[in-house]
Amino acid sequence: MRLDWKTIFILLLIVLSPFFADAALQTKEDSLKQIFQSTEIDSEKGNALLQLARISNLVDKEKSIDYYTQALQYVKNESERGAILDTIGLYYLQLGNNTEALVHFQLSGEIFEQLNDSLWLGKIYNNIAVAHYWLGNSIDALNHYQNALGIRSALKDMIGVSRVLNNIGLIYQEWNLYKDALVWHEKALETAYNLNDTGLIAYSYSNIGQCYENLKNYNSALESYRTGFKYQVQLDEQNLTNSFFSLFFGELYSKMNMPDSALFHFQKAYDYAIRINNRNRLAIANYNLGKSYFEINELDLAKEHLNKSFNSSVENNYKSLEKDNLFILSKIAEKKGKISDALRYMKEANMLNDSLFNTEKIAKFTDLQVKYFTEQQNQENLLLKQQNEIQEIAIRQQKLKTRILIISGIFILAILFFIARSQISLKKLSARLEKSEKELLKANAGKDKFFTLIAHDLKSPFNGLLGVTEILSENFDELPPNQIKKLIFELKKSVTNVYSLVQGLLDWAQIQTGKIEYRLEKTDLFKLAEEVTNQLEASATNKSITLEQNIVDNTFAIADEKSVSTVFRNLISNAIKYTKPGGWVKVEAVKKENYIEVSVEDNGIGIPPETLKKLFTITEKISEQGTAKETGTGLGLILCKEFVEKNNGKIWAKSEQGKGSRFVFTLPAAN
């Protein structure tokens, strides 16, 4: 058959077109380099470097990364800088350099967090999570996936939602929670079908197949892989996903005891990995080839591939893959009789395994689950607010003739919202006022009862005073001196009791009216306790009671020194009063988290259970005689409660009748 000149010309064009394309590409690259070198304007330099980076990406990603990195020196716009850093991270991810990918994603994320750009943050959080996942940091990966899911859900980015759902499922797979993982992947598949997105459908089926494979449901796994591959085969321009499916088929056939089929697919995965120049894919392919050769007892070939995979894993920080290689290398060494090498490989593998998944990670995983489900609503509210801001920006860009109508609508809605909010606020205010009124009535009733008790207590000593003074005034001349002395002693005792009662009542009244000024500052509890115990040492000695002050030096709280000193004095005095001769009273303090717990403990007579319930209650005035018949006002513990609460603390008591009591109060700790 003879060919005419037109046919020959067309064939020549077909043959030479790649050469013409390369020449055109080189010409374009040379032209951009000339622009970069000749201009002094930063924006023009940056633009030239960005174009060089995009051209180079077609043939050499590492060269493209270099151009993008240079461009960062000249690009001033923060949003554009963030996008460039994200692109560099993606290229590193495609090259299998996950550590550098993570660094650049994090730098990009910092920029978009400052810009409060939710759309970009949803992408960046997902990319950071992917890098963490491939580095074996599954906890960090899950945390960022959950952040990405919240943002993308709020923005109605359902393509992003499907991807993140799949990625969260992969984390659960890594933790061997395959049934939980299956739930996430099926949600992702449902979303992908709703979108009619062929690529996402294929990706979801591949992950579902992995779950079934790990659950040993091999027939369902094979069906899922075949369905996914059918959707993907027409879309995969660079064979990246085909390398994944070849890997999945190989692993599945290996588990189904079909080594020839497994080797065929692992070799295909290896070829794809070389074609796309992906370090991670190549390391995984070498591992699987080595494992397969080991299973058919080709030990030298197995070791060759496993060593390549191991070296790449160490170089690129693929911890999980490094561990898997060590386990197989250990088995090879054992088969070859090299026991010391086998033990060394096994020891290193076990150490890596322990570091990758331990009790601490399980605890963190649980915390993340709780955090995700309990804070999800708050996060959605925040993201919806951000979405509203994005919508407002979009509204400003609409056509002029529609703005008046939109602004009018917003104004009307704002008025309606204001009216509705006012009605809600009035209802809430009314409810608060009603509650406050009930509390006030209850408080007033309590205070009325309190004053009734105080009046009764004042009346009794005054009756005594009147009786003694009447006897003295009418019978002074007839009374013997010793009887007069006794009556004067009783008079002094009654006056002292009345004074203590009135003083306590005045202190309480000042607290209620807010006339006491509290200076909450750094206070030395050791110093206060020392001063009070020194003052009360004589009272304790008179009753042969051991008074121990065990608060250590440099115990500081944020408190009002004067009121806390009064609390110490009341509690220690009470302890001495209700402790029998020969007993002990201990004052101690313990630092707990962000507060200090102070206790005054004795081995005295204790408090009956029915009385213990009424302590610190204003409506139940309690005053019992001490072990030496000492009297009290019954106001001490009420004042203690008021003072402690004013110092942002709490007070309570524990007691067992016949064994002693322990009064405890807390104060905020000073840093």
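Start by selecting Tyr145 and Ile168, the residues with the most contacts inside the largest nonpolar core, which has 62 residues. Such a core is a set of buried Ala, Val, Leu, Ile, Met, Phe, Trp, Tyr and Cys residues joined through side-chain atoms within 4.5 Å; buried means under 20% relative accessible area, exposed over 50%, and partly exposed in between, with a 1.4 Å probe and protein chains only. Helix 6 gives the largest share of this core, 8 residues. Another core, of 37 residues, lies apart from it, and includes Ala529 and Leu639.

A word before you go on: this is a predicted model, in which local features need pLDDT of at least 70 and side-chain atom pairs count only at pLDDT 80 or more, while totals for chains, interfaces and linings use all residues. Residues are numbered from 1 along each chain as its sequence is written, and side-chain values use heavy atoms, leaving out hydrogens and water.

Now show the neighbours of Tyr145: among the residues that it touches are Asn126, Ala129, Val130 and Tyr133, not counting residues up to four places away in sequence. A contact here means heavy atoms within 4.5 Å.

Next, select residues 118-134, which are helix 6. Its end C-alpha atoms are 25 Å apart, which agrees with the 24 Å that its 17 residues should span at 1.5 Å a residue. Because 13 of the 17 residues are buried, helix 6 is largely enclosed by the rest of the structure. At the N-terminal end, look for Asp117, which caps the helix with a side-chain oxygen 3.3 Å from the backbone nitrogen of Leu119. Just after helix 6, Gly136 takes a positive phi of about 85°.

Move on to the aromatic rings. Tyr225, Phe229, Phe245, Phe248, Phe249 and Tyr253 are linked by ring pairs into a cluster. Rings of Phe, Tyr and Trp (its six-membered ring) pair if their centres lie within 6.5 Å; planes under 30 degrees apart count as stacked, over 60 as edge-to-face and the rest as tilted. Tyr225 and Phe249 are edge-to-face, with centres 5.9 Å apart and planes at 70°. This pair links helix 11 (residues 218-232) to helix 12 (residues 240-255). Tyr225 is buried at 0% relative accessibility, and Phe249 is buried too, at 9%.

Finally, colour by pLDDT, the predictor's confidence in each residue, from 0 to 100. The mean for the protein chain is 80, but pLDDT stays under 50 over residues 8-23. Where pLDDT is low, the predicted coordinates should not be read in detail.

Methods
Helices (H or I, at least four residues) and strands (E, at least two) are DSSP runs, numbered from the N terminus. The expected span of a helix is 1.5 Å times one less than its number of residues. A polar contact is a pair of N or O atoms within 3.5 Å; within protein, one must be able to donate a hydrogen and the other to accept it, and residues adjacent in sequence count only if both atoms are side-chain atoms.
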